[in-house]
Amino acid sequence: MVNTIIEPFKIKSVEPINFTTREYRERALREAFYNLFLLRADDVLIDLLTDSGTAAMSSKQWAAIMDGDESYAGSRSFFRFEEVIKDLTGFRHVIPTHQGRAAEKILFTVVGGPGRVIPNNTHFDTTRANVEFSGAQAVDLPVPVALETSRRADFKGNMDLGELETLITKTGRGNIPLCFLTVTNNSVGGQPVSMKNIRETKALLDKYGIPLFIDACRFAENAFFIKLREPGYKDRSIRDIAREMFSYADGCTMSAKKDALVNIGGFLALNDSSLAEKARSLLIMTEGFPTYGGLAGRDLDAIAQGLSEVLDEDYLKYRIRSVEYFGDKLEQAGVPVLVPTGGHAVFLDAGRFLPEVPPELFPGQSLSVQLYLEGGIRSVEIGSVMFGKQVDGRFVGAKLELVRLAIPRRVYTQSHIDYSAEVVIEVFRKRNSIPGYRITYEPPYLRHFTAHFEPVPIGSRR
Ligand SMILES: *Cc1c(COP(=O)(O)O)cnc(C)c1O
């Protein structure tokens with residue numbers, strides 16, 4: 001029987017990747033202060049740092065780029081962009097931004113501020129930073145199973161509705177300008193949110209008159225999981241499922257660098273006209289005129305084309321299966337991975353992978369540095385470097401110590417994935433000789449991007 005799911009494309013243009021020696025990587029790490037964000041990308045063999053802005057565009061997207069209209073105002077590219085997004089989401093106002101966080105910054109500047117509270121199934125790091133920078137409080141309300149990395153469940157990305165209602169009653173609905181749902185839920189492992197949960201979140205918020213916004217970065221991957229896993233959706237098209245998801249919301253923020261299959265771009269879309277007007281005024285100050293918003297006309301065209309390609313089921317089937325294939329290989333070798341595999345990445349549970357490295361010595365950082373050293377693979381720590389903090393001089397760690405291996409869209413082939421799995425398994429075999437890390441420099445916000453580290457040996461072990 002023929003059942004291998006293959007890449008639904010052939011390759012027209014290639015980009016060489018660079019092989020380096022272990023000694024070279026040791027030096028590169030020292031020079032980057034053991035922060036993988038500070039490496040030169042040319043020194044990375046397989047770059048799984050992020051799936052953001054790293055997609056390979058299609059020949060049709062490149063053609064759309066040539067057809068972009070660079071008029072300052074009223075560009076034809078904007079009208080194509082707007083039409084595709086209105087058709088997909090049903091929202092009345094579409095505001096282009098140069099990426100997702102710019103949409104967040106504008107939205108929270110308008111609705112945030114001291115005393116305000118923003119609930120979310122889990123805030124992405126830039127979303128949390130933008131909420132907090134406005135003076136508001138960002139509250140994560142994932143379902144409890146989201147924190148159990150070894151327990152399988154279909155929709156671990158869901159919002160905890162009981163906790164949401166408790167928060168609303170405690171805070172008072174007047175202090176909650178809107179509620180967010182992140183699909184898929186990136187920070188708990190790219191886990192999907194069910195249609196039932198979206199519908200019930202909306203119903204609960206309606207009771208209190210609070211609008212619902214979707215952080216829509218991976219809406220198509222979420223829609224595909226709904227089709228696969230939720231009763232009643234197996235015969236529905238992805239477009240139809242995505243439309244239903246958006247139909248329960250009053251607006252969305254989107255990083256086009258994810259499911260719009262482009263290298264830069266984003267948007268804010270919403271129904272409320274007075275909110276839209278305030279957002280457009282801020283947009284003009286920081287991003288640009290409302291028909292380009294910090295992007296070139298050609299970028300808007302590439303996004304419009306990408307948003308239709310991402311709904312292709314052959315693409316989504318390949319996408320979700322190739323990530324799952326990577327996760328399955330690691331799981332079969334006994335490597336502690338978060339299960340089930342999410343939509344855009346495999347997450348290693350560094351807490352279980354390196355139990356002897358305490359959270360204050362950042363096991364996720366240790367593991368991600370080691371993967372680079374062993375095989376030139378770049379991953380990202382999503383643990384106490386990203387979310388840990390000092391409270392009254394005491395270290396408070398993240399809920400989970402994870403390392404994310406994010407898979408760029410349409411970029412790597414099965415042999416790249418096989419190689420990456422072998423590197424992870426090799427590091428797992430040698431896990432007893434891996435040091436912890438200590439921070440030697442950190443900035444006040446989003447420290448993971450620029451912090452400096454140094455290794456700390458973990459005593460003598462087995
Ligand atoms: C990437 C991302 C963002 C921010 O988008 P950028 O384009 O990187 O600014 C927001 N939310 C989620 C869930 C994301 O994955």
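Rings of Phe, Tyr and Trp (its six-membered ring) are taken to pair if their centres lie within 6.5 Å; planes under 30 degrees apart count as stacked, those over 60 as edge-to-face and the rest as tilted. The structure is a predicted model, in which local features need pLDDT of at least 70 and side-chain atom pairs count only at pLDDT 80 or more, whereas totals for chains, interfaces and linings use all residues. Residues are numbered from 1 along each chain as its sequence is written, and side-chain values use heavy atoms, with hydrogens and water left out.

Ring pairs join Phe78, Phe79, Phe81 and Phe267 into a cluster. Across the whole structure, 16 aromatic pairs were found. One of the pairs is formed by Tyr72 and Phe289, which are tilted, with 5.8 Å centre to centre and 40 degrees between the planes. This pair links distant parts of the chain, 217 residues apart: Tyr72 lies in the loop between α2 (59–66) and α3 (76–89), and Phe289 in the loop between α10 (273–286) and α11 (297–309). Helices (H or I, at least four residues) and strands (E, at least two) are DSSP runs, numbered from the N terminus. In terms of relative accessible area (buried, under 20%; exposed, over 50%; partly exposed, in between; 1.4 Å probe, protein chains only), Tyr72 is exposed at 54%, and Phe289 is partly exposed at 31%.

Phe219 and Phe246 form a tilted aromatic pair, with 5.7 Å centre to centre and 50 degrees between the planes. Here too the pair links distant parts of the chain, with Phe219 in helix α8 (residues 219–229) and Phe246 in helix α9 (residues 238–247), 27 residues apart. Phe219 is buried, at 1% relative accessibility, and Phe246 is buried with a relative accessible area of 2%.

Charged side chains were also examined against the rings. A charge is placed over a ring if NZ of Lys or CZ of Arg is within 6 Å of the ring centre and within 35 degrees of the ring normal. Lys258 lies over the face of Phe124, at 5.4 Å from the ring centre, and Arg431 lies over the face of Phe428, at 4.0 Å from the ring centre.

Strand β7 (residues 251–255) is largely enclosed by the rest of the structure, because five of its five residues are buried. Both of its faces are covered, with Gly251, Thr253 and Ser255 buried on one side and Cys252 and Met254 on the other. Two strands are said to pair if DSSP finds at least two bridges between them. Strand β6 (residues 212–215) pairs with β7 in the parallel sense over three bridges, and the bridge partner of Asp215 in β7 is Thr253. Strand β8 (residues 266–270) runs antiparallel to β7 and is joined to it by five bridges; in β8, Leu268 stands opposite Thr253.

An open sheet is formed by three strands in the order β9-β14-β11, with antiparallel pairing. Its edge strands, β9 (345–349) and β11 (380–382), each pair on one side only. The twist averages 30 degrees from one strand to the next; axes are lines fitted to C-alpha atoms, for helices over the stretch in contact, and angles run from 0 to 180 degrees between N-to-C directions. Five bridges connect β9 with strand β14 (residues 402–406) in the antiparallel sense, and Val346 stands opposite Leu405 in β14. Helix α12 (residues 313–332) lies across β9 and β14, running at about 25 degrees to β9, where contact means heavy atoms within 4.5 Å.
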